[in-house]
Amino acid sequence: MNRLSVTQLEKRIVWISAAFALVLLGIAALAVNFFHVGLPTCLTDIKPFQKGEVITHSPTHYEIHYVAKMWKFEPEDVTVPAGSTVDIYLSAADVTHGLILLGTNLNLMAVPGVVNYARVKFDKPRLYQLLCHEFCGTGHDRMAAALHVVDMATFTARPSPVPAAESTSPGYKLLDENTCLACHSTDGQPGIGPTFKGLYGQTQTLKDGSNVTIDDMFIREKIRHPKSKTIVGTFEQEMPETDLPDEQIDQIIEYMKSLK
Ligand code: CUA
């Protein structure tokens with residue numbers, strides 16, 4: 001078979017295109033490193049909407065920043081007193097989600113890079129449920145949060161919320177960053193995948209009928225090749241592929257060992 005001939009002109013076009021791409025890349029690198037132009041992030045870079053939080057403006061005026069992510073809203077549980085005005089801001093950290101506040105006409109889209117806003121006045125004590133109304137993956141149907149509206153006396157008498165105990169272990173951080181915790185809990189709560197609490201050292205049955213001990217080798221193999229060894233009754237769908245370096249997998253294993 002004859003080789004396709006590349007004309008002089010085609011070669012020139014290829015070289016010019018490549019040079020152009022390189023120059024653009026150079027300009028971007030220069031802008032980021034020397035002029036500190038921020039790269040776009042998945043979540044909006046408009047401060048302060050980078051994490052879920054509640055800001056108190058006055059005893060009857062609150063601002064809630066909801067971050068929707070697979071598959072929860074942050075913050076998950078908010079309490080405000082009856083009679084208060086609440087400014088709700090919503091953004092998404094991964095894919096498009098939605099937010100509907102049952103019992104009100106509040107309905108917002110959670111789009112990465114965008115902040116949506118609505119103001120709601122809550123007159124009477126009631127428990128409101130927030131649901132995601134945009135299909136966003138396997139955990140969509142259980143993506144919910146609670147908004148408690150309580151009378152002022154109950155509100156002022158309630159103990160100040162205790163921040164959730166978040167582990168400072170590097171293994172925990174890796175699990176969080178790689179969204180493993182969307183499917184696996186660390187406190188025994190059931191999820192899409194098995195909870196990590198007490199998992200290390202257990203014996204499990206695989207789909208092919210053989211038994212396996214959850215040890216370093218198994219965890220490493222499972223992270224490297226998610227489709228390789230499926231435990232009976234746990235995964236309805238496979239874990240996503242990751243390419244974590246060995247040291248990071250070691251840190252995850254260390255953390256899993258600590259979850260007795
Ligand atoms: Cu988030 Cu559906």
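Me: In which sense do β4 and strand β10 (residues 144-150) pair, and over how many bridges?
Reply: Two strands pair if DSSP finds at least two bridges between them. Here β4 and β10 run in the parallel sense over 5 bridges. Within β10, Val-149 is the bridge partner of Val-80. Strands are DSSP runs of E with at least two residues, helices runs of H or I with at least four, numbered from the N terminus.

Me: Thanks! Before we go on, what kind of model is this?
Reply: It is a predicted model, where local features need pLDDT of at least 70, side-chain atom pairs count only at pLDDT 80 or more, and totals for chains, interfaces and linings use all residues. Residues are numbered from 1 along each chain as its sequence is written, and side-chain values use heavy atoms, leaving out hydrogens and water.

Me: What is the strand order in the open sheet of 5 strands?
Reply: The order is β4-β10-β9-β6-β7, with mixed pairing. At the edges are β4 (77-81) and β7 (107-110), each pairing on one side only.

Me: And how do I read a pair of aromatic rings?
Reply: Look at the distance of the centres and the angle of the planes. Rings of Phe, Tyr and Trp (its six-membered ring) pair if their centres lie within 6.5 Å; planes under 30 degrees apart count as stacked, over 60 as edge-to-face and the rest as tilted. The count here comes to 5 aromatic pairs. For Tyr-89 and Tyr-117, the centres are 4.8 Å apart and the planes at 40°, so this pair is tilted. Tyr-89 lies in strand β5 (residues 84-92) and Tyr-117 in strand β8 (residues 116-122), so the pair ties together parts that are 28 residues apart in sequence.
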